[in-house]
Amino acid sequence: MRQLKGKVSIILFIFTLMIFFSEYSLSMELPKKGKEYYYDEVGILSEESINEIEKINSELISKTGAEIQVVVVKNFGKYSDIREYATELFNNWGIGDKEKDNGILFLVVIDEKKTRIEVGYGLEGAITDGKAGRILDDYVIPYFKKDDYDKGIINGFRAIVKEIKAEYDLYIINEVEPNRAEDDDTPLLVKIVLYTIVIIFFTILYILWALIKKFFGCDDLDCGGDFFGGDSSGGGSSGGGGADRGW
């Protein structure tokens with residue numbers, strides 16, 4: 001009986017060591033946190049963007065303890081997905097004030113074409129999953145699709161700052177307003193002209209169809225239903241959600 005207990009103890013000890021070294025090897029995959037408020041192993045952030053990230057963070061931390069870490073990596077290594085990587089990195093770095101738990105991780109994984117905004121518990125009311133998703137959709141992803149990573153990152157950073165500012169009712173000296181991005185570069189005037197042409201085209205078609213019906217009548221033509229189709233009933237919609245995005 002004692003021999004059996006001894007063997008069980010050895011097996012449990014070995015199993016514990018395996019778990020420890022497995023977690024340790026994963027933690028070795030994570031970048032090391034420095035004194036800066038950004039980490040860019042790809043080198044896509046401009047000096048201007050870096051200066052803005054540093055200045056804003058210094059101001060946020062001095063006034064609220066809140067912190068936005070901007071991290072750009074090539075891939076998430078042995079981690080299964082971006083969510084696992086972001087959670088581990090956030091906890092490993094201890095982002096934000098320890099008591100208020102008000103840190104934000106803005107993570108961009110270039111090779112995987114994935115980005116995520118990870119939010120500390122203290123700011124989950126200010127930046128919900130839905131709001132984090134909208135920030136990525138409206139201010140970040142359109143720029144990433146054009147390979148303009150620097151602009152997308154600093155624009156997303158500014159959008160996050162705006163939400164933190166509203167939560168704490170702050171005045172931020174170095175704040176810059178984010179720009180809601182367009183998915184294409186077509187000038188507004190060109191879009192208006194194109195839309196106007198389309199409307200005129202269908203209006204002319206409708207008038208011609210009405211004149212044909214008037215002069216020839218429906219006895220000579222199969223003109224049942226409206227010009228634009230028959231029964232207008234039916235239709236459905238489906239919705240989903242999420243706070244990390246690909247591009």
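**Helices and rings in a predicted chain**

Helix α2 (residues 47-63) and α5 have axes that come within 11 Å and cross at roughly 15 degrees, where axes are lines fitted to C-alpha atoms, for helices over the stretch in contact, and angles run from 0 to 180 degrees between N-to-C directions. That angle makes α2 roughly parallel to α5, since angles under 35 degrees count as roughly parallel, over 145 as roughly antiparallel, 65 to 115 as roughly perpendicular and the rest as oblique. The crossing of α2 and α5 is left-handed; a crossing has this name if the near helix is turned anticlockwise from the far one by less than a right angle, and is right-handed if clockwise. On the side of α2, the contact (heavy atoms within 4.5 Å) is made by S49, E52, I53, I56, N57 and L60, and on the side of α5 by D150, I154, F157, R158, V161 and I164. These residues of the contact of α2 with α5 divide into seven nonpolar, two polar and three charged, where Ala, Val, Leu, Ile, Met, Phe, Trp, Tyr, Cys and Pro count as nonpolar, Asp, Glu, Lys and Arg as charged, and the others, Gly among them, as polar.

The model is predicted, and local features need pLDDT of at least 70, side-chain atom pairs count only at pLDDT 80 or more, while totals for chains, interfaces and linings use all residues. Residues are numbered from 1 along each chain as its sequence is written, and side-chain values use heavy atoms, with hydrogens and water left out.

Helix α5 also meets α4: the axes of α4 and α5 come within 7 Å and cross at roughly 155 degrees, which makes α4 roughly antiparallel to α5. The crossing of α4 and α5 is right-handed. Here K131, I135, Y139, V140, Y143 and F144 in α4 meet a set of residues in α5 that includes Y149, I153, A159 and E163. The residues of the contact of α4 with α5 divide into nine nonpolar, three polar and three charged.

How is a pair of aromatic rings described? The description uses the distance of the centres and the angle of the planes. Rings of Phe, Tyr and Trp (its six-membered ring) pair if their centres lie within 6.5 Å, and planes under 30 degrees apart count as stacked, over 60 as edge-to-face and the rest as tilted. By this rule the count comes to six aromatic pairs. The rings of F144 and W247 have their centres 4.7 Å apart and their planes at 65 degrees, so this pair is edge-to-face. F144 belongs to helix α4 (residues 129-144) and W247 to the segment after β5 (244-246), so that the pair links distant parts of the chain, 103 residues apart. Y149 and W247 form an edge-to-face pair as well, at 5.8 Å centre to centre and 65 degrees between the planes. Because Y149 lies in helix α5 (residues 149-168) and W247 in the segment after β5, this pair ties together parts that are 98 residues apart in sequence. F144, Y149 and W247 form one aromatic cluster. Both F144 and W247 are buried, as are both Y149 and W247, where buried means under 20% relative accessible area, exposed over 50%, and partly exposed in between (1.4 Å probe, protein chains only).

Across the chain, the secondary structure comes to six helices and five strands, with helices (H or I, at least four residues) and strands (E, at least two) taken as DSSP runs, numbered from the N terminus.
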